[in-house]
Amino acid sequence: MDLLLLDLVIVLAAARLFGALARWLGQPSVVGEIVAGILLGPTLMGPLIGDELFGPRMRPPLQALANVGLVLFMFVVGLELDQKLVKGKGRIAVAVALGSTVLPFVLGCVLALAIAGDHVGGDRTLAFVLFMGAAMAATAFPVLARVLTDRGMQRIELGGLALASAAVIDVLAWTVLAVVVGIAGAGEAESQWKVMLALPYALVMFLLVKPLLARLVPAYEKAGRLTPGLLSLVLLGLIASSWATEWMHVHFIFGAFLFGVVMPREGAERLNHEILERLEQLAVLLLLPMFFVVAGLNVNLRELDLSSLGTLAAILAVAIGGKLIGSYAAARTQRLPRRQSWALATLLNTRGLTEIVILSVGLQKGVLDNELYSLMVVMALVTTAMTGPLVSRIYPDRRVARDIAEAERAALGVTAAHRVLVIVPDPPAEQAPLVGLATTLALSASPSEVALGHLRPYPAGHLEVGSGLSFELAEFAETLHDLEALAATVRERGPDVRVVSRFSVDVAAELPELVSGARPDLLVLPAGVPGRAAVRDGAVCRVVTVRAPEQGETVFETGPVAVHHGSGGDAAAHVALVLALRAGRPLVVVGGGRASALAQRLARLGVAATSGEVPPGALVVAPDTAAAPPGAHLLVRAEQDPDPVDWAGAVSARPVVSGSPVPRP
């Protein structure tokens, strides 16, 4: 008994220490807890002191306590499974879940067939193959929820879709695992008929036990709190359900998970919250960390050789490649943008808690040997640890903040318009062509909005009461009149418009603040505006810098649109395409093989696009880089974290040509 208590002290201290270290490194605590178990086990501490502390005599009581924690954890997972997640996202979530499950499952089965001769006997080959497929297809719903919550992504559409897909994957994975455990436990005649009771038992739980559990809600409301009697009933039902499925040779985790699923939902929010509050303190702080440390104790990396490293490489390739490719391909078939598709695939690659539970079942049932169990645990750690950094790179915090803002506007019933901010220099009366260009670019999206920004410098001397003040106020009133006249021309073409105009002590210093406050999706900026470099560098949106044409040039009125396409990205080509489509002008793509490929692609979409040199009289668009070509009229700098341009979508949104050419600035 004294050794057991000492083991508990060491295990809990190591779990807390390494869990905190993992969180400090930006990883889920489960990663640190499993690493703690690996270090305490035969991999590192075993030959020194680990065999004395955690030897064969102490493993059974530690495993028993860990299993109790697993029962409570699986009940919590079932209770927290939000069945509303799929609502409104059912088709996409199911499609992504199938892609994220089927490909890694098939690849896992193929890999299992290749290595079965080295790890299992002939009578367990079928169970082993199916088990490897299920293990490769799993996604850790709880760890995924934690990753999303830490980054605030549960508040955006991508996060909700990831959770919904993971919920469907969980159902599929547990179903396959139940079949595998049934096959693995059906070696004896007695086990065969017991396994057949699993489906009737699930029906009894949903049709009989679930209505009975609904009576807990009025009893809780009458008592006003979670009484010891009510909590005892829940625990009795939980343990009885776990015992029933274990007796059927379908493993106790399914009984615990199923009991959590059939717990009442409607009107039971406060009841479930109190149950979770009581059980999570025991499960999360004490018993569950012990389960993961004990799982790590079973890992022995000392026994691995070069052939094991080859098997590990194959496991990682199948697990990561199958998940990423399957999830990404399925997301793209549902027309999700590329960035969101990759982010979703990376999120669903998280294994963590669910994978360790599945692997522990395989080890207990004899489906996995110790070597393969160790390799699969390493795979679970790698896929879990890589999720956070990869998602941060694919979907940075700026994108998350932008999506959260859009979600909040949608919740308030505010439609997010595509906003184009054009900085109007003095004198405003002569800037109709510049505003016309901004309006043309705004019309590429719907709904759209044009904001006219104008800062008028204070006069050189101080304003004084008298004729001087009257003159300046009259001049400012005339400026507002000119800006309103420009706004009227924008409204005539469709977009909403607003005017931001004020006096400024220092236009170059205040202009970046104006741009930041407007939060535009696209900024149109004259090349000669004061402080242009600071505004351009500080803006996070796409920036179009307009250079005045040479004397006598009419490139903004007629002729083709030419774009230099190369290392600067697709933003300049997209702007050129919009201008060409709106005015019905041909598009010429300049710049080598990539230019030719883009021209051919646009031509197949029905655009009058060719590749070649800049034709005479063309409106020239180029990427805004240090190597911007001379003679370009528009310089385009892409927004931060740009999505790849959807060329088919840009062409399909082609407007009806109004006959009004893009005016000449």
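In which helix is R332 found? R332 is found in helix α15, which covers residues 306-333, where helices (H or I, at least four residues) and strands (E, at least two) are DSSP runs, numbered from the N terminus.

Before I go on, a word on the basis of what I am showing. This is a predicted model, in which local features need pLDDT of at least 70 and side-chain atom pairs count only at pLDDT 80 or more, while totals for chains, interfaces and linings use all residues. Residues are numbered from 1 along each chain as its sequence is written, and side-chain values use heavy atoms, with hydrogens and water left out.

Let me give the overall picture. The secondary structure of the protein chain comes to 26 helices and ten strands. Of the 665 residues in the protein chain, 51% are buried, where buried means under 20% relative accessible area, exposed means over 50%, and partly exposed is in between, with a 1.4 Å probe and protein chains only. The protein chain exposes about 29700 Å², and carbon and sulfur atoms supply 62% of that area; accessible areas come from the Shrake-Rupley method with a 1.4 Å probe, and for residues only the protein chains shown count as cover. If we take the contacts (heavy atoms within 4.5 Å) between residues at least 6 apart in sequence, 78% of them join residues at least 24 apart.

Now to the surface, and back to R332. Together with R338, R601 and R604, R332 gathers in a patch of positive charge on the surface. Patches are made of residues with over 30% relative accessible area and no salt bridge, like charges being joined within 9 Å and nonpolar side chains (Val, Leu, Ile, Met, Phe, Trp, Tyr) within 5 Å. Lys and Arg count as positive and Asp and Glu as negative, whereas His and the chain ends are not counted, and the place of a charge is taken as NZ of Lys, CZ of Arg, CG of Asp or CD of Glu. R332 itself has a relative accessible area of 33%, so it is partly exposed.

A nonpolar patch on the surface is formed by V94, L98, V102, V106 and V110, with about 390 Å² of accessible area together. Of these, V102 lies in helix α5, residues 90-119, and V102 is partly exposed because its relative accessible area is 46%.

For contrast, I would point to N67 in helix α4, residues 59-80, which counts as buried because its relative accessibility is 17%. Leaving aside its neighbours within four places in sequence, N67 is in contact with F252 and Q364.

Next, the salt bridges, each being a side-chain nitrogen of Lys or Arg within 4 Å of a carboxyl oxygen of Asp or Glu. By this rule the count comes to five. R536, D537 and D624 are linked in a network of salt bridges: the side chains of D537 and R536 meet at 2.6 Å, N to O, and those of R536 and D624 meet at 2.8 Å, N to O. As for accessibility, R536 is buried at 17% and D624 is buried at 10%, whereas D537 is exposed at 52%.

A further salt bridge joins R594 and D570, whose closest N and O atoms are 3.8 Å apart. R594 lies in helix α25 (residues 592-604) and D570 in the loop between β6 (561-564) and α24 (571-583), so this pair ties together parts that are 24 residues apart in sequence. R594 is partly exposed, with a relative accessible area of 47%, and D570 is also partly exposed, at 24%.

Finally, some backbone details. D426 and P427 are joined by a cis peptide bond, with omega about -10°, and P427 lies in the loop between β1 (418-423) and α20 (432-442). R335 has a phi near 65°, a positive value in a residue other than glycine; R335 is found in the loop between α15 and α16 (338-348), and counts as exposed because its relative accessibility is 77%. R519 likewise has a positive phi, near 50°, and is found in the loop between α22 (507-518) and β4 (522-526), where its relative accessibility of 67% means that R519 counts as exposed.
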